[in-house]
Amino acid sequence: MARKRTMVYADEEDLAIIKEAARRYGVSEAELIRKAIHRAAMSSRIWDEPFFSKTYKRIRNEGYEEAKEAVWREQLDRYRATRNGDS
């Protein structure tokens, strides 16, 4: 992945905190800044599809507790399938 050099201005106090964190974590200051920029970009992204694309189909005359139980049962079945390698 090609990286482009861009000038970014930051407060001296923030840079001092980044410098200390980089020393403490054993990574470069640039690495911490790149990760922060990536997090900012991802939090500002507009996704093409909704985060929750699948909805639960209601069973006729089903109450809230029955619907909740069915959803949890489905999640448990999926979890067990992945634990057993059936994915």
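**Notebook: salt bridges and helices in a predicted model**

**Entry 1. A first pair.** I began with E31, which forms a salt bridge with R34; the closest N and O atoms are 3.0 Å apart. I note that the model is a predicted one. I then looked up where the two residues lie, and found both in helix α2, which covers residues 29-44. They are three residues apart, about one turn of the helix. E31 has a relative accessible area of 26%, so it counts as partly exposed. R34 is likewise listed as partly exposed, at 34%.

**Entry 2. The overall fold.** Read from the N terminus on, the elements run α-α-α. I recorded the surface as well: the protein exposes about 9000 Å², and carbon and sulfur atoms supply 54% of that area. Of the 87 residues, buried ones make up 6%.

**Entry 3. Helix α1.** I turned to helix α1, which spans residues 12-25. Its 14 residues reach 20 Å from the first C-alpha to the last, close to the 20 Å expected at 1.5 Å a residue. Just after α1, I looked up the backbone of G26 and found a positive phi of about 75 degrees.

**Entry 4. Charges in α1.** I examined R23 and E20, whose side chains meet in a salt bridge with an N to O distance of 2.5 Å. Both residues lie in helix α1, three residues apart, which is about one turn of the helix. Is R23 buried or exposed? I found a relative accessible area of 58% for R23; the cut-off for exposed is over 50%, so R23 is exposed. E20 has a value of 33% and is therefore partly exposed. I also noted that E20, R23 and R24 are linked in a network of salt bridges.

**Entry 5. R24 and a ring.** What does the charged end of R24 sit over? I found the ring of Y25 there, with the charged end 5.3 Å from the centre of the ring. I also looked for aromatic pairs and counted zero.

**Entry 6. A nonpolar patch.** I searched the surface for nonpolar side chains and found a patch formed by L15, I33 and I37. Together these residues have about 240 Å² of accessible area. L15 lies in helix α1. With a relative accessible area of 37%, L15 is partly exposed.

**Entry 7. Helix α3.** I then checked the length of helix α3, residues 64-83. Its 20 residues should span 28 Å at 1.5 Å a residue, and its end C-alpha atoms are 29 Å apart, so the two values agree. Just after α3, G85 takes a positive phi of about 80 degrees.

**Entry 8. A pair in α3.** Within helix α3 I looked up R78 and E74, which are four residues apart, about one turn of the helix. They form a salt bridge, with the closest N and O atoms 2.6 Å apart. R78 has 38% relative accessibility and so counts as partly exposed. E74 is also partly exposed, with a relative accessible area of 30%.

Entry 9. Last, I looked up the total for salt bridges: the structure holds seven.

Technical notes. Residues are numbered from 1 along each chain as its sequence is written. This is a predicted model: local features need pLDDT of at least 70, side-chain atom pairs count only at pLDDT 80 or more; totals for chains, interfaces and linings use all residues. Side-chain values use heavy atoms; hydrogens and water are left out. Rings of Phe, Tyr and Trp (its six-membered ring) pair if their centres lie within 6.5 Å; planes under 30 degrees apart count as stacked, over 60 as edge-to-face and the rest as tilted. A charge sits over a ring if NZ of Lys or CZ of Arg is within 6 Å of the ring centre and within 35 degrees of the ring normal. Patches are made of residues with over 30% relative accessible area and no salt bridge: like charges are joined within 9 Å, nonpolar side chains (Val, Leu, Ile, Met, Phe, Trp, Tyr) within 5 Å. Accessible areas come from the Shrake-Rupley method with a 1.4 Å probe; for residues, only the protein chains shown count as cover. A salt bridge is a side-chain nitrogen of Lys or Arg within 4 Å of a carboxyl oxygen of Asp or Glu. Buried means under 20% relative accessible area, exposed over 50%, partly exposed in between (1.4 Å probe, protein chains only). The expected span of a helix is 1.5 Å times one less than its number of residues.
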